[in-house]
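Colleague: I have some questions about this model. Can we go through it?

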Amino acid sequence: MELKPEVELVNYKGIELERDVFEITEEMVAQALEDLRNRHSYYQEVKESRKAQEGDLLIMDLKAELEGKILERESGENLQYPMGAEVHIPNFAQQVGELLPGQKKTFRVKYPDDHQIPELAGKEVDYTVEIKGLKEKVMPELNDQFAQELGEFKDLAELKEKVRRQLEEYYQRISRVRLERALLDKLVELNPIEVPKKLVRRRAQELAQGWFQRVGINNPGQEEFGKMVEEFTPRAEKEIKAGFILEAVIEKEGIELTAEEEEAKLKELADRYQMDVEKLKDQLGESAMARLREQWLEEKALDFLLSEARIKDRKVSPEQAGEKESISKEEAKQ
């Protein structure tokens, strides 16, 4: 039997931390507006006869054959392909980019032995593609009319201001997540404990499963899954340790979630999903409500620990954060 560890809190107040303060630049606002234009774009038929360009939408029939047999999963009619988008077929954009509407082409692909799709690994597949149509993307002009058509802005200046505020709020959430992670890392470092291996293993499996789901792999192989579990084990162990330490802080400091605080959290959640509070509580059930109370109590404990910490701000830009940013957009939105 693996027992819950005893936590003797030694150092949990006055922890020194650095908080990232992100600088929102004009370039970031401009890129966000460009993304907004892109989301409100549409496709229209290309009238002249030309080859596809980056950003065009190709309509095509695709047939895949392996040793004379058609691969149904790889084939289809009237498929839509955004020119330049990544697909698992090597050099696909180059192959279809050579064709005019109405033209057809057959090409062979040799897949590597370790290809991610098992039935294609090490095989030679013949693809026949026929271009049925070509559409080009039409982007709205970035002006007052565009802002007004979004429904809540009187002009472009007001839209830009809203975009800037949204960026500030988004990166403030990222900054908060980073600060909490740094705090929990320090707590684990300053208050060493041993935790049940089964708990760590279970959490590592949950993290691995979540990763496979995010990348679109529903049934990973046993060996592949095992490798990801091992990769996530250090993070899982740190999370489990941090959880027990937070629990000890809550007990020692007498931190409680009041009825008013719980009601406010529920209302915030209900507003997000545009639901009545009582209806939300009924749908959640006692089990989910218990988990939410635990989460909110931990958040309150984190607020307490951060209020006791010695925090130094440092200005950074999202560009300086680089590609190693480990905080997902999903986490930042929570």
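Modeller: Start with Y171: at 17% relative accessibility it counts as buried, where buried means under 20% relative accessible area, exposed over 50% and partly exposed in between, with a 1.4 Å probe and protein chains only.

Colleague: What should I know about the source?

Modeller: This is a predicted model, in which local features need pLDDT of at least 70 and side-chain atom pairs count only at pLDDT 80 or more, while totals for chains, interfaces and linings use all residues. Residues are numbered from 1 along each chain as its sequence is written, and side-chain values use heavy atoms, with hydrogens and water left out.

Colleague: How many aromatic pairs does a search of the whole structure find?

Modeller: Six. Rings of Phe, Tyr and Trp (its six-membered ring) pair if their centres lie within 6.5 Å; planes under 30 degrees apart count as stacked, over 60 as edge-to-face and the rest as tilted. F107 and Y127 make a stacked pair, 5.7 Å centre to centre with 25° between the planes.

Colleague: Where in the chain are F107 and Y127?

Modeller: F107 is in strand β6 (residues 104-110) and Y127 in strand β7 (residues 124-138), 20 residues apart, so the pair links distant parts of the chain. Helices (H or I, at least four residues) and strands (E, at least two) are DSSP runs, numbered from the N terminus.

Colleague: Is Y127 buried or exposed?

Modeller: Y127 is buried, with a relative accessible area of 0%. F107 is buried as well, at 6%.

Colleague: And which ring pairs with Y171?

Modeller: Y170, edge-to-face, at 4.9 Å centre to centre and 80° between the planes. Ring pairs link F22, Y170 and Y171 into a cluster.

Colleague: Change of topic. Which residues touch the most other members of the largest nonpolar core?

Modeller: Y12, L17, L183, L187, V249 and L305, out of 34 residues. Such a core is a set of buried Ala, Val, Leu, Ile, Met, Phe, Trp, Tyr and Cys residues joined through side-chain atoms within 4.5 Å.

Colleague: Which element gives the most to this core?

Modeller: α6, with 12 residues.

Colleague: What does V249 touch?

Modeller: L9, Y12, I255, F304 and L305, not counting residues up to four places away in sequence. Contact means heavy atoms within 4.5 Å.

Colleague: Last one: which residues of α7 are buried?

Modeller: E262, L266, L269 and A270. They cover an arc of only 100° around the axis, which puts them on the same side of α7; the arc is that of the directions from the helix axis to the C-beta atoms. What covers them includes α8 (277-308).
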